[in-house]
Amino acid sequence: MIEVHPSLPADSPVAQELYHFRYRVFVQHAGWELPCQKQQERDQFDTPGAVHLVSRAANGRIAGLLRLLPTTAPYMIEKLWPDLLAPYPAPRSPQIWEVTRLGTDPELGLLERGQTVAELVTACLEYGLDHGIQQMLAVMSEDHARRVVMGMGWRYERCGPTRLLGGSPVIALRLRLSEDALARVRQRTRLTARLCPQAHSSRALPALALPA
């Protein structure tokens, strides 16, 4: 089962654990230059609106996580890389969220890391559909998008041009959520059982589409 952590107080034990895991994965292992304090990676987007999805190993340690940001509040593409959406403005809609900080424990084996990513992607679709989210934005290399995102059966669309980020070419991509997309991912990953705790109610709201 995937853990869902919304509205985390920054000083809570769970938040401290998640921020330290992000420090290990993105700063120590990946070498990203990110603001850190006391071996914790936390930024201005870790607001009460942020939601973390967390996968744990059998021993209880975090195996991987991702962070979801609503576009109704400041989010990374909007504030840091708006040129990735050019010539269109950054969207703001309760039906459009951003996927960030997807990472797995570097001490896990290759197969375990792949399984963890598959679980997080599947849970991301489940969570989004439960909460009336129709699109998600993400930033990654196109090679990674083809291998990981499309490799799991989730189709994506480019939002704008390529740019260098940390010396690597990346794009912003749009992921559309649907029951069909979830079914394709489940078929490709063979994760047929539900992973994300069922929401009590869905926030189905009128659509606000991004420009095609």
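In the predicted model, α3 and α5 pack at an angle of about 160°, and their axes are 10 Å apart. Because angles over 145 degrees count as roughly antiparallel, α3 and α5 are therefore assigned to that class. The crossing in which α3 passes α5 is left-handed. On the α3 side, the residues in contact are A118, V121, T122, L125, E126 and L129, which meet E179, A181, L182, V185, R186 and T189 in α5.

The buried residues of α5 are A181, L182, V185 and T189. These residues lie on the same side of α5, because the arc they cover around the axis is only 100°. An α-helix has 3.6 residues a turn, so residues three or four places apart point the same way. The cover over the buried residues of α5 includes α3 and β10. E179, D180 and Q187 are exposed on the other side of α5. After α5 comes R190, which has a positive phi, near 65°.

In the largest nonpolar core, which has 35 residues, the members that touch the most other members are L53, L68, M136, W154 and L173. Two or more residues of this core come from each of the strands β4 (51–56), β5 (62–70), β6 (96–104), β7 (135–140) and β10 (168–176), and from each of the helices α3 (110–130), α4 (142–149) and α5 (179–189). The most is given by α3, with 8 residues. In soluble globular proteins, nonpolar side chains tend to be buried together.

With residues up to four places away in sequence left out, M136 touches L68, W97, V99, C124, G128, L173, R174, L175 and L177. Another core, of 13 residues, lies apart from the largest one; F45, A50, L137 and C159 are among its members.

Strand β6 also contains G103. This glycine is buried, its relative accessible area being 6%. G103 and G64 are separated by 39 residues in sequence, yet their C-alpha atoms are 5.5 Å apart in space. G64 is also one of the residues that G103 touches, together with F21, V25, F26, A63, L65 and L120, when residues up to four places away in sequence are not counted.

How values were computed. Residues are numbered from 1 along each chain as its sequence is written. This is a predicted model: local features need pLDDT of at least 70, side-chain atom pairs count only at pLDDT 80 or more; totals for chains, interfaces and linings use all residues. Side-chain values use heavy atoms; hydrogens and water are left out. A nonpolar core is a set of buried Ala, Val, Leu, Ile, Met, Phe, Trp, Tyr and Cys residues joined through side-chain atoms within 4.5 Å. Buried means under 20% relative accessible area, exposed over 50%, partly exposed in between (1.4 Å probe, protein chains only). Helices (H or I, at least four residues) and strands (E, at least two) are DSSP runs, numbered from the N terminus. Contact means heavy atoms within 4.5 Å. The arc is that of the directions from the helix axis to the C-beta atoms. Axes are lines fitted to C-alpha atoms, for helices over the stretch in contact, and angles run from 0 to 180 degrees between N-to-C directions. Angles under 35 degrees count as roughly parallel, over 145 as roughly antiparallel, 65 to 115 as roughly perpendicular and the rest as oblique. A crossing is left-handed if the near helix is turned anticlockwise from the far one by less than a right angle, and right-handed if clockwise.
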